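Dear colleague,

Please find the structure below.

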Amino acid sequence: MITATFHGQVIARSGQTVYLEGNHYFPAESLVPDTLENSWVRTLCFWKGVARYHHVRAGDHRAPNAAWSYPRPTPLARMIKGHVAFAPGGGVIVSDDHP
């Protein structure tokens, strides 16, 4: 099971992440409700498509643009459609719960 925590609170947990380019992409249904807020930031990856960024929130803590998703990925990246990844430097800790 892969878990994402932010300020000590679990914000996502799944055994079905997609590991791509050093990031675990969590299925949207594995996210704790009201954890993400949409951001206006977008970036373009030449092979995955346009990424949409999200602010991460847990209690009174907020990390701007600390998560991203690809709502309409290219055919090469279709496996991450409906998934969210977290920025390593954004304060979110992603860990493997398996010993």
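Strand S1 and strand S9 (residues 92-96) pair in the antiparallel sense over 5 bridges; strands are DSSP runs (E, at least two residues) numbered from the N terminus, and two of them pair if DSSP finds at least two bridges between them. In this pairing, Ile-2 stands opposite Asp-96 in S9.

The model is predicted: local features need pLDDT of at least 70, side-chain atom pairs count only at pLDDT 80 or more, and totals for chains, interfaces and linings use all residues. Residues are numbered from 1 along each chain as its sequence is written, and side-chain values use heavy atoms, with hydrogens and water left out.

S1 is also joined to S2, by 5 bridges, and these two strands run antiparallel. Ala-4 stands opposite Ala-12 in S2. The two strands form a hairpin with 2 residues between them, and His-7 in the turn has a positive phi of about 50 degrees.

Of the 5 residues of S1, 5 are buried, where buried means under 20% relative accessible area (1.4 Å probe, protein chains only). Ile-2, Ala-4 and Phe-6 lie on one side of S1, and Thr-3 and Thr-5 on the other.

Phe-6 belongs to S1 and has a relative accessible area of 2%. Leaving aside neighbours within four places in sequence, its contacts (heavy atoms within 4.5 Å) include Ile-11, Val-56 and Val-92. Phe-6 and Ser-95 are 89 residues apart in sequence and 12 Å apart in space, C-alpha to C-alpha.

Yours sincerely

Notes
Helix = DSSP H or I, 4+ residues; strand = E, 2+ residues; numbered from the N terminus. Buried < 20%, exposed > 50% of the residue type's maximum accessible area, 1.4 Å probe, protein only.
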